[in-house]
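Me: I have a protein open on my screen and want to get to know it. Can you walk me through it?

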Amino acid sequence: QVQLVQSGGGLVQAGGSLRLSCAASGRTFSTYAMAWFRQAPGKERELVAAISRGGSGTRYVDSVKGRFTISRDNAKNTVYLEMNSLKPEDTAVYYCAAGRFYFTDEFDYWGQGTQVTVSS
């Protein structure tokens, strides 16, 4: 098992930037693919970005390509989501997640969620 604790998020104006962090417990972080999901009010949860165990593979939902960057530091057991050029439609609760494969939407362990609000 792995426990995930998120930090970052908050309120930012459109065009601004935020960085989310997700720290994992245990010694097996590098064996998990990691991802960031988000859920806006009244909408289904969607995968925003995912990264492979070693960090060489990444994928993004089309709406954030070129603006968001997922990265990980296996020495620090931490995954990051750098969000630039934020838009009001990026407003959501963001969750980090750990799972077996970065190319699926199936993840097994979840962080507590953090609110990101982008004002226009």
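Reply: Here is a short tour, from the overall fold down to single contacts. This is a predicted model, where local features need pLDDT of at least 70, side-chain atom pairs count only at pLDDT 80 or more, and totals for chains, interfaces and linings use all residues. Residues are numbered from 1 along each chain as its sequence is written, and side-chain values use heavy atoms, with hydrogens and water left out.

Me: Fine. How many helices and strands are there?

Reply: Zero helices and eleven strands. Both are DSSP runs, numbered from the N terminus: helices are H or I with at least four residues, strands are E with at least two.

Me: What does the C-alpha trace span?

Reply: About 40 × 25 × 25 Å along the principal axes.

Me: How much of it is buried?

Reply: Buried residues make up 42% of the 120. Buried means under 20% relative accessible area, exposed means over 50%, and partly exposed is in between (1.4 Å probe, protein chains only).

Me: New topic. Which cysteines does the disulfide join?

Reply: Cys22 and Cys96, with 2.0 Å from S to S. A disulfide is a pair of cysteine sulfur atoms within 2.5 Å. Cys22 lies in strand E3 (residues 18-24) and Cys96 in strand E9, so the pair ties together parts that are 74 residues apart in sequence.

Me: Are those two buried or exposed?

Reply: Both Cys22 and Cys96 are buried.

Me: And why is the disulfide called right-handed?

Reply: Because the torsion about the S-S bond is about 50°.

Me: Now the rings. How many aromatic pairs are there?

Reply: Five, from a search of the whole structure. One of them is Phe37 with Phe107, edge-to-face, at 5.6 Å centre to centre and 75° between the planes. Rings of Phe, Tyr and Trp (its six-membered ring) pair if their centres lie within 6.5 Å; planes under 30 degrees apart count as stacked, over 60 as edge-to-face and the rest as tilted.

Me: Where do Phe37 and Phe107 sit?

Reply: Phe37 is in strand E4 (residues 33-39). Phe107 is in the loop between strand E9 (92-99) and strand E10 (109-110). They are 70 residues apart, so the pair links distant parts of the chain. Both are buried.

Me: Which cluster do they belong to?

Reply: One aromatic cluster of Phe37, Phe107 and Trp110. Phe37 also has the charged end of Arg45 over its ring, 5.4 Å from the centre. A charge sits over a ring if NZ of Lys or CZ of Arg is within 6 Å of the ring centre and within 35 degrees of the ring normal.

Me: What about Phe101 and Phe103?

Reply: They form a stacked pair, 5.3 Å centre to centre, with 25° between the planes. Phe101 is partly exposed at 33% relative accessible area. Phe103 is exposed at 55%.

Me: Last one. How do strands E2 and E11 run?

Reply: Parallel, joined by four bridges. Leu11 has Thr117 in E11 as its bridge partner. E9 and E11 pair in the antiparallel sense over three bridges. Two strands pair if DSSP finds at least two bridges between them.

Me: Which residues of E11 are on its covered face?

Reply: Thr114, Val116 and Val118. The uncovered face has Gln115, Thr117 and Ser119.
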